[in-house]
Amino acid sequence: MTQSREPVIRVSGLKKFYGDVKAVDGVSFEVGRGEVFGMLGPNGAGKTTTIEVLEGLRPPDSGTVEVFGLDVCKHPESIKQRIGVQLQSVSLYPRLTVTELLDLFGSFFKHSVPTAQLIDAVDLGERAKARSMNLSGGQQQRLSIALALVNDPELVFLDEPTTGLDPQGRRSLWDLVKGLQARGKSVMLTTHYMEEAAELCDRVAIMDHGHILEMGAVPELIGRRFKERAVFFDSTPKLPVEQMGKLGGVTRAAQEDGQTVLYSRDVADTIGALLAMADGLNVDPHNLGIRQATLEDVFLDLTGRALRD
Amino acid sequence: MKTLLGLTVANLKGLTRDRAALFWTFFFPVMFVLLFGVLFSGSSTTKITVGFVDQDNSQASMGLRNVFAQVPLLKLQDGTLDDEKAAMQHGDISAIIVIPSGLEAAVAKAEGHPSAAIELFTDPAQTQTTQVVQGAVAQIANGFNLALAGGSEVVAVNQMTLTSTNISTVTYLVPSILAMALMQLGVFAAVPLVQQREKGILKRMGATPLPRWKLVASNILLRLIVAAVDTVLIIGIGILVFNVQMVGNLAAAAGFVFLGAGAFLALGFMLASFLKTEEQATGVVQVVQMPLMFLSGIFFPFDFMPDFLRSVARLLPLTYLGDGLRQTMVNGTQVAPLATDAAILGGWLVVCLIVSARKFSWD
């Protein structure tokens with residue numbers, strides 16, 4: 001395979017409006033060959049629209065969108081031969097079996113991977129003859145990944161691949177994605193799970209309301225905003241968040257998911273001050289803990305709201 | 001070609017593994033034929049009305065008339081040949097017996113050769129009636145010969161054919177049920193399409209290099225295969241179980257089968273273009289197919305409909321498919337000339353396809 005220095009995806013000034021709704025409002029990014037790139041954001045942020053423009057499913061309103069250096073509007077057919085696509089929550093022909101579906105989709109491409117090999121790769125051997133309607137959620141998701149790999153694509157798009165999966169299913173899907181990267185595939189995925197983005201992606205773009213707010217490697221994104229660690233406890237009206245900023249070492253205080261989070265430069269100082277204050281008020285902060293700042297904190301900091309709402 | 005066939009086979013598997021779809025596409029029309037066949041095939045045991053045209057006005061012809069009148073199955077209706085022919089074409093009578101002028105004179109100088117002939121008009125499409133009338137007339141002619149000429153054949157029977165309409169026979173209903181089945185398979189095609197769009201299957205296909213025309217073509221191919229199977233089933237049962245005779249132009253009938261399937265499939269595509277959810281689709285499809293079935297006159301003769309219904313029926317494409325099939329399969333009387341039937345169905349096909357091409361959305 002010839003390694004090109006050309007990025008596999010190049011998007012510049014992409015806009016896509018639906019009437020008054022600015023689904024994607026001026027987005028630019030690049031994805032390098034062999035990279036796993038994540039788009040992170042809440043529902044309605046514009047992730048799916050962006051990915052569907054890249055897949056050639058929707059024409060952009062403006063901006064340039066290139067995949068493999070080819071304009072998606074001008075060369076959709078040759079791009080589609082080389083990409084793998086997994087759409088958000090698609091159920092396929094319900095009455096066809098796993099094998100039949102993989103054979104069928106393989107027939108759409110010039111080159112296709114043998115079906116047995118694909119079934120093996122996503123660990124669906126025992127369900128090869130099962131109709132897709134009878135698969136579990138995790139199995140259906142694995143099948144749709146197998147379908148995305150049917151043409152041995154150079155670039156794979158995964159739109160919320162783990163939504164609706166239990167933790168075990170999510171783990172096994174993560175392993176699949178890591179396997180893709182190990183085989184030199186480029187991957188672009190969307191998710192609204194922070195830990196998923198942190199676990200899988202080389203780089204992440206945080207998206208909200210059609211804009212990319214921040215982009216970079218996960219540690220870099222966290223480090224850029226948070227030199228601090230976070231002290232957290234279950235929110236209680238007796239310890240109002242407004243008063244927390246005064247405590248020692250605290251740079252900023254916020255409330256998310258029923259927890260009060262104090263970002264602190266000096267955790268020992270902060271906890272000491274917090275406990276003294278609580279003692280004075282005769283309250284006992286529940287589930288007190290310390291952690292590193294996460295992508296979740298970055299998102300909260302960027303948008304002022306939690307990612308999962 | 002390989003992808004097209006693969007896709008069609010995939011769709012076919014989807015259909016044959018779906019019991020509800022199987023029921024509507026194959027068993028429902030068959031049930032209809034069986035039910036209607038049983039209901040109406042008994043009608044030939046009642047009296048058969050036969051036109052009697054006496055052009056001889058002689059003692060001999062009067063004598064013959066008396067004999068015919070005594071046959072318990074026959075009911076005679078006197079009139080001129082033109083009147084009787086019109087009545088038969090209209091379906092009021094099932095056969096015509098004509099005693100030509102000069103019969104008595106011919107019989108009087110009978111010399112053992114057939115010297116006079118009774119003309120008998122029957123409709124070959126109405127097997128049972130025709131057999132009964134032909135048998136009765138032949139027997140009476142024989143008896144007449146025996147009595148008058150000691151067994152030598154002086155009066156012969158000339159068999160003539162004339163197409164008639166008979167509302168209460170399976171023959172009339174087989175093309176109607178076929179038209180209904182073709183309409184349903186086309187209109188019902190909207191449901192899986194909407195379903196595939198709602199589930200994102202169409203969109204997922206759009207992300208592969210598969211050209212859209214192949215997706216459309218495989219859908220059409222699938223429905224035409226179903227149309228062919230339905231046609232064979234319905235006509236087969238008509239012939240085997242109810243002894244219906246196909247006497248028309250079968251090549252033209254096949255043409256109407258495919259034109260009709262195509263027109264209603266285009267209608268199905270058009271419906272799918274405006275419907276968003278599967279529930280909507282199943283509902284709207286019923287709302288469309290029910291009036292088509294009952295207002296287009298495929299199940300009762302056009303002439304029997306009240307005026308306002310007739311003008312409604314004239315607007316509905318199923319009227320013309322039923323008419324075209326009836327004319328080409330069993331020589332039924334026409335609502336419109338064949339060319340008009342074909343043109344109207346073709347018009348529906350083209351208009352619905354154009355609207356679908358403009359309005360159909362893939363996600």
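The points below go through a predicted model of chains A and B, one topic at a time.

1. The meeting of the two chains. In this model, 20 residues of chain A are in contact with 19 residues of chain B. On the chain A side, helix 2 (76–82) and helix 3 (98–106) each supply at least two of the residues that touch chain B. Sorted by class, that side of chain A has 11 nonpolar, 4 polar and 5 charged residues.

2. The sheet of chain A. Chain A has an open sheet of 6 strands, which follow the order 6-7-8-3-9-10 with mixed pairing. Strand 6 (83–86) and strand 10 (211–216) stand at the edges, and each has a single partner strand, so one side of each is left without a neighbour in the sheet. From one strand to the next, the twist averages 15 degrees.

3. One pair of strands in more detail. Strand 9 (residues 203–208) and strand 10 of chain A run antiparallel and are joined by 5 bridges. A place to look for this pairing is A:M207, which stands opposite A:I212 in strand 10.

4. A helix over the sheet strands. Helix 6 (residues 167–182) of chain A lies across strand 3 (36–40), strand 7 (155–159) and strand 8 (186–191) of chain A. With strand 8, this helix makes an angle of about 155 degrees.

5. Two residues with positive phi. Most residues other than glycine have a negative phi, and the following two residues can be read against that background. A:F68 has a phi near 55 degrees, and its place is in the loop between strand 4 (62–67) and strand 5 (70–71) of chain A. B:N57 has a phi near 50 degrees and lies in the loop between strand 1 (48–54) and helix 3 (59–70) of chain B. B:N57, by contrast, counts as exposed, because it has 12 C-beta neighbours inside 10 Å and the cut-off for an exposed residue is 12 or fewer.

6. A leucine in the opening helix numbering of chain B. B:L12 is found in helix 1 (residues 2–16) of chain B, and it is partly exposed, with 15 other C-beta atoms within 10 Å. Which residues does B:L12 contact, leaving aside its neighbours within four places in sequence? B:L12 is in contact with B:L222 and B:I225. The C-alpha atoms of B:L12 and B:A87, on the other hand, are separated by 48 Å, and these two residues are 75 residues apart along the chain.

Definitions and conventions:
Residues are numbered from 1 along each chain as its sequence is written. Chains are lettered from A and ligands numbered from 1 in the order in which they are written. This is a predicted model: local features need pLDDT of at least 70, side-chain atom pairs count only at pLDDT 80 or more; totals for chains, interfaces and linings use all residues. Two residues are in contact if their C-beta atoms, placed from the backbone, lie within 7 Å. Helices (H or I, at least four residues) and strands (E, at least two) are DSSP runs, numbered from the N terminus. Ala, Val, Leu, Ile, Met, Phe, Trp, Tyr, Cys and Pro count as nonpolar, Asp, Glu, Lys and Arg as charged, and the others, Gly among them, as polar. A residue is buried if 20 or more other C-beta atoms lie within 10 Å of its own, exposed if 12 or fewer, and partly exposed in between; C-beta atoms are placed from the backbone. Two strands pair if DSSP finds at least two bridges between them. Axes are lines fitted to C-alpha atoms, for helices over the stretch in contact, and angles run from 0 to 180 degrees between N-to-C directions.
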